[in-house]
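Please look at the sequence and the model together while reading this report. The sections take one topic at a time, so that each can be checked against the picture.

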Amino acid sequence: RRKHFWWKMLRRDGMQARSAGVLVLLYVPGAICFVSLIVAIKTHWTAGPDAAFMLVYLLAALLQVSMLILITERLVGWLWSRGIDPDNAAIPYVTSLGDVLGTTFLTAAFWLLEQFGVTPWIVL
């Protein structure tokens, strides 16, 4: 059952998979707004995000959120099997892992863009 969670999430089979799919899909517009706002503030509202930057950032963000959902699903099941309340025990692990994955993927995204000479924003 658990080893097929990713495929179920993509097909939206089952309540948990549908919820995970919705979380992933909601992250995309949020990430677009976040990146647009950060670039606008950084450039004093004179530039917008470059398309390559936006694509690489969205891929990194989707990878982070997808991995967090999959790891959280496994972690919560493991904690329940040991009689530990996941509401109290899983949150510190998930937030710390989110920080580590987010920093790693964002660093990799900027490194990749730098290798191809792409700047994060274009002047409007």
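The report below goes through a helix, a salt bridge, the aromatic rings and a surface patch.

## The model and helix α3

The structure shown is a predicted model, and every value given here should be read with that in mind.

Helix α3 covers residues 51–81, and its 31 residues reach 45 Å from the first C-alpha to the last, which is close to the 45 Å expected at 1.5 Å a residue. At the start of α3, the backbone nitrogen of alanine 52 has a side-chain oxygen of aspartate 50 within 3.1 Å. Beyond the other end, α3 is followed by glycine 83, and the phi angle of glycine 83 is positive, near 75°.

## The salt bridge

The structure holds one salt bridge, and its partners are arginine 74 and glutamate 73, with the closest N and O atoms 3.9 Å apart. Such a pair counts as a salt bridge because the cut-off between a side-chain nitrogen of Lys or Arg and a carboxyl oxygen of Asp or Glu is 4 Å.

## The aromatic rings

A pair of aromatic rings is described by two values, the distance of the centres and the angle of the planes. Across the whole structure, a search finds three aromatic pairs. One of them joins phenylalanine 53 and phenylalanine 110, whose rings are 5.5 Å apart from centre to centre, with 40° between the planes, so that the pair is classed as tilted. This pair links distant parts of the chain, since phenylalanine 53 belongs to helix α3 and phenylalanine 110 to helix α4 (residues 86–115), 57 residues apart.

Phenylalanine 53 counts as buried because its relative accessibility is 7%, while phenylalanine 110 counts as partly exposed at 37% relative accessibility.

## A nonpolar surface patch

Which residues make the nonpolar surface patch? The patch, of about 350 Å², is made by Leu37, Ile41 and Trp45. Isoleucine 41 lies in helix α2, which covers residues 15–42, and with a relative accessible area of 47% this isoleucine 41 is partly exposed.

Notes:
Residues numbered from 1 in each chain as written. Predicted model: local features only at pLDDT ≥ 70, side-chain atom pairs only at ≥ 80, totals over all residues. Heavy atoms only, no water. Patch = residues over 30% accessible without salt bridge, like charges linked within 9 Å, V, L, I, M, F, W, Y side chains within 5 Å. Areas by Shrake-Rupley, 256 points an atom, 1.4 Å probe, with all protein chains shown as cover. Helix = DSSP H or I, 4+ residues; strand = E, 2+ residues; numbered from the N terminus. Buried < 20%, exposed > 50% of the residue type's maximum accessible area, 1.4 Å probe, protein only. Expected span 1.5 Å × (residues − 1). Polar contact = N/O pair within 3.5 Å; in protein donor to acceptor, adjacent residues only side chain to side chain. Phe/Tyr/Trp six-rings, centres within 6.5 Å; stacked < 30°, edge-to-face > 60°.
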